[in-house]
Each structure stands twice: as structure tokens, then as C-alpha cells.
Amino acid sequence: MRVFTLVSLLAALQVAVPILAATLPRNSHPSSFSSQATPLLPRQESNPDPAVGGSPDDGWQSMPEVADATAYPNWILDDSGAMLPVYQTTGLVPTEVTRAVIVLPGKPRDCWYYFNAMNNALYLANYQNSSISRSQISLMAPCFWTEADVEAGAAPEDVLIWGMTTWISGHENTGPDGIDGYSSFEALDRLIGYYMNRTVYPNLNTVVLAGHSAGGQMVQRYVGMRQTTTDDDRLHFWVANPGSLMWLSADRPYPNASCSGVDDYKYGLASGFPAYGTDLDRDSVLALYNSRIVNYAWGTADDGNGDTRCEAETQGSTHYTRGKNFVSMVNATFGWPANATVDWVEGVSHDNVGMMESAEGIDKTSSGSILI
């Protein structure tokens, strides 16, 4: 009797298990979309960070494969032949795209990591709110390479390269031969222009230029230098936990008389602009800056100092206090601009994932629920 019961149980399991498995959602992710794509099941997915050889100092050895992305080592920016490597969401239908997010790398130039982080935040956004459709949001992550990356193998010899950190502040390229005076901000102009092209993306409503840490510094400085276009009402900026800021007023919360050039660019607006902003001065920058749709975000636990140069120290001792002081300066000097917001993300430190996956980060980058 005992043997019969065991045999019966095993037979029942052989039938039941396949039926049960067939009813469960599979934890796979699409690598591409098409006009016939099946809608994604609501689930929280998180892709692991890609592995890549090399280092920021010695140069990266390759552009690693990234889930849901296509790597373009030679993305053509314009007719000059200038090229910039980028990652872009794979397989979207351009006519269905309503939002694009261009996410900038951190100081290590790890564009693959930032694509993956923003893509995981988008998975979370879709999991929390099914009206946020991944098939309507295109992500792009540009790679600002250096000579070290060419020598190590990640960068082809014919793409734009910059100094180790000069790309962050909009300065001109150092290579390749035959292309001179190309600002990293001009590269941003071209990438934004690509998405703003109504012929390619007829239903795109919003482009978000997003950056955390060094990427946030780049976004914040670009805000004040980009020339006005007819598409400005569709362009949003997300500035998260920047190590220092382009200060808008001449005074500082912690003055230091021994610190020379404290109000020169990239820390201020007195002088020293890169060639991209040669014709600008404080008044013209402020007119541009205060008209832009800018969403600031600081983690309340971001107690690191990041930039330790004296120019940065006059703004405050930590990322968080610099943010607080910057907001106070704007309010006191100009009044808070109508098109700007600021989020204080509770308990998050200098963590791009924490900032991107916060409710505030998702709202400003992926959801579009608040369109200023």
C-alpha cells in the first residue's frame, strides 16, 4: 500500500509540475523591440553590471556588451566626420518613442555602467507603474574617451578623445588627427539634436540630459552654455550629486582670499570660459541658465567632499552642503526659477543607483509625470 501511494504521488507530480511551470512568468528580458513586440510583463528586473578590463587611469580595454543596448563604437555626430562611441537601447520603433534619456558617465568614463544603471531604474519604474512603457523610452549613454582608452583598446583611433577630465567642463578634444576644437558640449548638442529630429522621432516629447557626480557637473555647466533653440521646451536636465557647481553669483558661502580664480569657470562665471562659450559672460549665461528646465537632486547622506580644490571648498565641505548652499544662493540672488525643481533624496549617499531608482529620480528621468 505504501509503494502504491508513492508511485501515485510521483505520477501526479509529473503531470502537475509542467502545468504549474507554464503558468509562471519567465524572468527573461527582451533584447529588442519591434512593432509586433509583446508587452512586457510587470516585474522588477535588474541586470548585472558588465565586466570590462582596464581602469580609469590605465584606460579601458573594450566596450563591453550591455543588456538591452547596442554599442556603437563610431557614432557619427555630424558632417565633419567627428565620431563618439555610444550605447543606445536596442530595437525600439522610432515612431513609438516619446521620451529619450541621455545619461552621462561619471569621472571613470564608465558609460556602460551608467547605461545599465539607468536601464535598471527604468525596469523598476515599469514594475511600479505599468503606464511607463519601456518601448517608448530610448536610453543613450555616450562615452568620452581619452588617449589612455585608445592605447588600452576601448577607443578606436578615429573617435573624439579628451583629457582625463576636460570633457566634463566642455573643453576641446585632443584627438583624433584632423579634427580640432571639438567641445564635449558640442557633442551633446549633436546627440540632443539627433533625438529632437521630428523626421526620425515624430512623437518624441521630452529629452532628458541626466548626470550624476561628474556627469551631474557636466550637465550643470552645459545648462548655462547651450545656445537657445526652438526645442528648449522639450529639453530637461537632471543634475544629481555634483562634486562642485558652476556658481552663479560672485560671492561664496565660505570665502577664501588665498584661493585665486575662485570665480573663474568652471567654478564661476567671471572668466575662463572654454571656446564653446567664448561669446558668453555672466549676464548672458544667467539669462540662458534661469530659463532652462532643470531638476536638481541631492542625497541627504552624501557627506563626501568629492572635489577637494579650494574653489570647490568655498562652496561647502560636502556634496550635500554645496547643494544646500547653491539652492540658498539662487533663492537669495535671483529667486527660484519657475522651470526648476530640487529634490532632497532622503538617506541616499553618493550613489548613482540610489538616486536613479529613488521615487524622485524615476519621476524626473523616466516617468514624465511632472512635465514642467
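R109 is buried, with a relative accessible area of 1%. Buried means under 20% relative accessible area, exposed over 50%, and partly exposed in between, with a 1.4 Å probe and protein chains only. R109 is found in the loop between β5 and α2. Helices (H or I, at least four residues) and strands (E, at least two) are DSSP runs, numbered from the N terminus. R109 is not a glycine, yet its phi is positive, about 65°.

This is a predicted model: local features need pLDDT of at least 70, side-chain atom pairs count only at pLDDT 80 or more, and totals for chains, interfaces and linings use all residues. Residues are numbered from 1 along each chain as its sequence is written, and side-chain values use heavy atoms, with hydrogens and water left out.

**Backbone exceptions**

Most residues other than glycine have a negative phi, and most peptide bonds are trans. S213 also has a positive phi and is not a glycine. S213 lies in the loop between β9 (206-212) and α5 (214-223). At 18% relative accessibility, S213 counts as buried. Two peptide bonds are listed with the two phi values below.

| Site | Feature | Value |
|---|---|---|
| R109 | positive phi | about 65° |
| S213 | positive phi | about 60° |
| G175 to P176 | cis peptide bond, omega | about 5° |
| Y265 to K266 | cis peptide bond, omega | near 20° |

P176 is found in the loop between β8 and α4. K266 sits in the loop between β10 (235-240) and α6 (282-289).

**Around S169**

S169 lies in the loop between β8 (161-162) and α4 (184-196). S169 is buried, at a relative accessible area of 5%. Which residues does S169 touch, leaving out those up to four places away in sequence? They are F185, Y265, K266 and P274. Contact here means heavy atoms within 4.5 Å. Y265 and K266 are the two residues of a cis peptide bond. S169 and R221 are 52 residues apart in sequence, but their C-alpha atoms are 6.8 Å apart in space.

**Strand β6**

Strand β6 (residues 137-142) is mostly covered, and six of its six residues are buried. In a regular strand the side chains alternate between the two faces of the sheet. In β6, I137, L139 and A141 point one way. S138, M140 and P142 point the other way.

β6 pairs with two strands named here, β4 and β5. Two strands pair if DSSP finds at least two bridges between them. Strand β4 (residues 83-89) runs antiparallel to β6, over three bridges. V86 has P142 of β6 as its bridge partner. Strand β5 (residues 99-103) runs parallel to β6 and is joined to it by four bridges. A100 stands opposite S138 in β6. From β5, the chain crosses through helix α2 (residues 111-128) to β6, and this β-α-β crossover is right-handed. Right-handed means that, with the strands pointing away from the viewer, the path from the first strand over the helix to the second runs clockwise.

**The cavity**

The structure holds one cavity of 30 Å³ or more. A cavity is a set of points, on a 1 Å grid over the protein atoms alone, where a 1.4 Å probe fits but cannot get out; lining residues have an atom within 4 Å of a point. Grid points are joined across faces, edges and corners, and a volume is the space filled by probe spheres set on the points. The largest cavity has a volume of about 60 Å³. Its lining consists of Y289, N290, R292, V294, Y296, V330, W336, P337 and A340. By class, the lining of the largest cavity has seven nonpolar residues, one polar and one charged. Ala, Val, Leu, Ile, Met, Phe, Trp, Tyr, Cys and Pro count as nonpolar, Asp, Glu, Lys and Arg as charged, and the others, Gly among them, as polar.

Methods:
On a 1 Å grid over the protein atoms alone, a cavity is a set of points where a 1.4 Å probe fits but cannot get out, and a pocket is an open set with protein on both sides within 12 Å along at least five of seven lines; lining residues have an atom within 4 Å of a point.
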